[in-house]
Amino acid sequence: MSASRTPDSVNIIIDGTPVTLTPGHSLAAALALLPPGCSRTSVSGERRAPFCGMGICHECRVLVDGHRRLACQTLCTDGMVVDTGTQPQEGKA
């Protein structure tokens, strides 16, 4: 008889908020879990979210550990730090 075990977790930070997921989530799926559910704000101030889900539209681009990535094409890894640019930055009006 084998003991059931809880799946390992993946801990990431999205805009300063810790998020715990089970392995295998894309970053786009993780973003959808947190309000406002978007991945970035456009230059005109509109909220953007993943649209195509296959890396063509670039609506889901975010900074991951300081590098620009497409959320729909990025699997969450433990310790990942994500900046969507949707949160007010200190020192900016």
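The legends below describe close-up views of a predicted model.

**View 1. The open five-stranded sheet.**
The sheet is open and its five strands follow the order β2-β1-β7-β5-β6, with mixed pairing. The edge positions are taken by β2 (17-21) and β6 (67-70). Each of these two has a single partner strand, so one side of β2 and one side of β6 are left without a neighbour in the sheet. From one strand to the next, the twist averages 35°.

**View 2**
Strand β5 covers residues 61-64 and pairs with β6 in the antiparallel sense. Four bridges make up this pairing. Within it, V62 has R69 of β6 as its bridge partner. In the order of the sheet, β5 stands between β7 and β6.

**View 3. The largest pocket and the residues at its centre.**
The largest pocket holds about 190 Å³ of space. Its lining consists of twelve residues. Those that lie nearest the centre of the pocket are R40, T41, R61, R68 and T84.

**View 4. Strands and residue classes in the lining of the largest pocket.**
Two strands, β3 (40-41) and β5, each supply at least two residues of the lining. The contribution of β5 is the most, at three residues. By class, the lining residues of the largest pocket comprise five polar, four charged and three nonpolar.

Terms used
Residues numbered from 1 in each chain as written. Predicted model: local features only at pLDDT ≥ 70, side-chain atom pairs only at ≥ 80, totals over all residues. Heavy atoms only, no water. Pairing = 2+ DSSP bridges. Axes fitted to C-alpha atoms, helices over the stretch in contact; angles between N-to-C directions. 1 Å grid on protein atoms, 1.4 Å probe; cavity = no way out; pocket = protein on both sides within 12 Å on 5 of 7 lines; lining within 4 Å. Points joined across faces, edges and corners; volume = space filled by probe spheres on them. Nonpolar A, V, L, I, M, F, W, Y, C, P; charged D, E, K, R; others polar.
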